[in-house]
Amino acid sequence: MAAPSLPITSLPPHHRVSLSPATSSITVNNGRYFSNHPTILLANQCSNSKQLKQIHAQMLRNGLFSDPFSASILVSAFAFSPLQDVDYAHKLFDQIPKPNIYTWNALIRAYSSSQVPIQSLSIFTQMLYRSDEVLPNKFTYPFVIKAASELLDMRLGEVLLGMAIKMSLGSDVFILNSLIHFYSSCKCLNSAYRVFLNIPTKDVVSWNSMITGFAQGDRPDEALKLFHEMQGESFRPDKVTMMSALTACTKKLDLTTGRWVHSNIKRYGIKESLNLNNALLDMYTKCGSLEDAQNLFDKMPEKDIVSWTTMVVGYAKSGDYITARKHFNTMPNQDIAAWNALISSYEQSGNPKQALAIFNELQVSNKAKPDSVTMVSTLSACAQMGAMDMGGWIHVYIKKHGFNLTCHLTTSLIDMYSKCGDLNKALEVFNSVDRDKRGVFVWSAMVAGFAMHGCGRDAIELFKKMEENNVKPNSVTFTNLLCACSHSGLVSEGRDFFKKMENVYGVVPGVKHYACMVDMLGRAGHLDEAMELINSMPMPPLASVYGALLGACKLHGNVEIAEEASSRLIELEPWNHGAYVLLSNIYAKFGKWEKVAMLRKRMKDIGLKKEHGCSSIEIDNRLHEFIVGDNSHPQSEIIYEKLNEIFEKLKLIGYEANRSQVLQCVEEEDMQEHALHLHSEKLAIAFGLISLKNSQPIRVMKNLRVCKDCHNVAKMISKVYDKEILLRDRYRFHHFKDGDCSCKDYW
DNA sequence: ATCAGCAGCC
């Protein structure tokens, strides 16, 4: 739509020729500048930047622009008004021969909170070059320090501080407050706190900045402690204080303290505002009290899209999808963020199917334009489900709509293709990224891809290439790398990387890395070494560590360590049915039936059920799911016929059911073989054999680890039917071909 | 004139 023109020609003619700017008086009000000069007055009535540009034209014509004072007002108008156009302000600025300090600061400030904070510094540098004209003042520093915070440039911030000190501005409270924010952004909370302590006369912003720093820097306890202290020193908290205190409660998931902060807001008579209410909603939903959230929400005089989205996410994450949806439907207009909230809630709570359904709905309804966040969540959902066709379609969609291949998006694509079993496609995406644009996450995602496909050597090669490209590995990279060594049984390499990660690369091993090592050592039969490693851990071992140990015990049949590991595991995670199942598997292997029965009783007593196995296969864009003994599929009859045919053929080449893992599930002898035959992955493979063309591999996804018998059967099918089978289980891929598996039976 | 603050992402 064209902007309405301003009646420039109707201005009295004398404004075009003579002017006396010195007589114009200026007042400031909320960032809008008033002058008694009619042209400047007009600048304030502009409702879009085109009109403002017309004012510029007018000022050029009447000569007003050559007055630095008036020009600076125009620069400010472009820099700050709701019609902000910083680049235009910059262009104007460049045309002012000798801008005053006020104008310099205006531009530096505008850039410091723009998309390109580095520009702020470039202007600042120019300012220093022209030190004969103008010098930075106490207003300049807070802005440039803010830019340094945005850039997370530690050195720069300290240089700026040094300059401020040289100018005797070292105790300016505004500058020091900015510095607290700066150090906090750079994750140097201790330095921030030191600055805070040394401010001689703290104001409320000093307190707020420090509380915010702690709250956002994952030190919520200290934030709340400071909140108390502040009141002890009779500082009156304001609404920003309250927002940060709420952030701290949210981080801690501490509902009690959250409620207490809420009561403080009322006690101090802090005026209710939309932002504050939104922060309260966020706290209540994240701390798990949807009742409190709903109560507040119902009473809020004003709601915006953030309020609604918070409620939608709150309900969706709590598993109450019906209420989530109800809120979503009631909100006045669903922007893409709201859609994303719904999609990612589903995706992250393990409901990828629902996530895709919502994405589909978004597509059909055409109510909002998907953005890159939508793509990331949707790809994640595809990855979880192993929905390759859908994932490929999203990839095409991304290309077609010209999405920027951000680091997030690239990793999501690599992850999706890897988890859907197409390592080549994953590599294609990886290779398509410019060498110098491959961030550490992109490299790590590719290492993970190799890891899950059992290509340990390739993972290590890639890691070396990454080093050659001067990309510094992080904690994620090492988790993936160690995982790769573990899956491929590269024990000595794994040990080596584990040693080097801290010494050479400066990455301190975390629980995840220990879990990988325990898995790797245990799997390879070094149970004692694994135990030793656990005992030497500097942090308490998490469930994943004992889980890995337990898995190894099952593989190598060690009852004593298994009992120890599982009791620790159950201590940590009483609801972990995997621990019970694994232990009872081990007991069964040694014929300790009374112990099996005891375990089963205990599971029953505390209401734990074995997670049932489920396998899925995607045929022509549709996902088909099977559970054990399933006959709900429309083609069920044909599937079972095929299954019978398979077993007849396999028996001819010497197949015999391996029952070691079902003994504890089904006691009646003759039932065992039957149940084995009906494992979900076998049903899915049989269905794949019926439905797919000869050249297409069968891709099956399973939620649990594949059992030994199914593994064996899949190998044989791949030979007898000359068919490739890709089976993804809970931990990795098995690639069956010509009677062998890519895991080389090491899993 | 300045500094601090709310939803969605591997």
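In this predicted model, pLDDT, which is the predictor's confidence in each residue on a scale from 0 to 100, stays under 50 over residues 1-34 of the chain. For that stretch the model has 59 contacts beyond four places in sequence, where contact means heavy atoms within 4.5 Å. Chain A averages a pLDDT of 85, and 92% of the residues score at least 70.

Because the model is predicted, local features need pLDDT of at least 70 and side-chain atom pairs count only at pLDDT 80 or more, while totals for chains, interfaces and linings use all residues. Residues are numbered from 1 along each chain as its sequence is written, chains are lettered from A and ligands numbered from 1 in the order in which they are written, and side-chain values use heavy atoms, with hydrogens and water left out.

**The chain as a whole**

Chain A holds 39 helices and eight strands, both taken as DSSP runs numbered from the N terminus, with helices being H or I of at least four residues and strands being E of at least two. Its C-alpha atoms fill a box of roughly 105 × 55 × 55 Å, taken along the principal axes. Of the 747 residues in chain A, 52% are buried; buried means under 20% relative accessible area, exposed means over 50%, and partly exposed lies in between (1.4 Å probe, protein chains only).

**The surface near DNA strand B**

DNA strand B is surrounded by 38 residues, and the closest are Asn-177, Asn-208, Lys-239, Gln-348 and His-408; a residue is near a strand if one of its heavy atoms lies within 4 Å of it. Sugar and phosphate account for 38% of the atoms of DNA strand B that come within 4 Å of the protein. The residues of this surface divide into 11 nonpolar, 19 polar and eight charged. The table gives distances from a polar side-chain atom to a base atom.

| Residue | Base atom of DNA strand B | Distance |
|---|---|---|
| Asn-177 | base oxygen | 2.6 Å |
| Asn-208 | base nitrogen | 3.0 Å |
| Thr-411 | base oxygen | 3.1 Å |

An open sheet of six strands has the order 4-3-5-6-7-8, with mixed pairing, and two strands pair if DSSP finds at least two bridges between them. Strand 4 and strand 8 (740-741) stand at the edges with a single partner strand each, so one side of each is left without a neighbour in the sheet. Strand 3 (residues 614-619) and strand 4 run antiparallel and are joined by six bridges, with Ile-617 standing opposite His-624 in strand 4. These two strands form a hairpin with two residues between them, and Asp-620 in the turn has a positive phi of about 45 degrees. Strand 3 is also joined to strand 5 (residues 698-702) by three bridges, again antiparallel, and here Ser-615 stands opposite Lys-702.

**Two residues in contrast**

Arg-622 is found in strand 4 (residues 622-627) and is exposed, with a relative accessible area of 54%. Ser-307, found in helix 18 (residues 305-317), is buried, with a relative accessible area of 0%. Leaving aside neighbours within four places in sequence, Ser-307 is in contact with Leu-274, Asn-278, Leu-281, Phe-297 and Met-300.

Methods
A polar contact is a pair of N or O atoms within 3.5 Å; within protein, one must be able to donate a hydrogen and the other to accept it, and residues adjacent in sequence count only if both atoms are side-chain atoms. Ala, Val, Leu, Ile, Met, Phe, Trp, Tyr, Cys and Pro count as nonpolar, Asp, Glu, Lys and Arg as charged, and the others, Gly among them, as polar.
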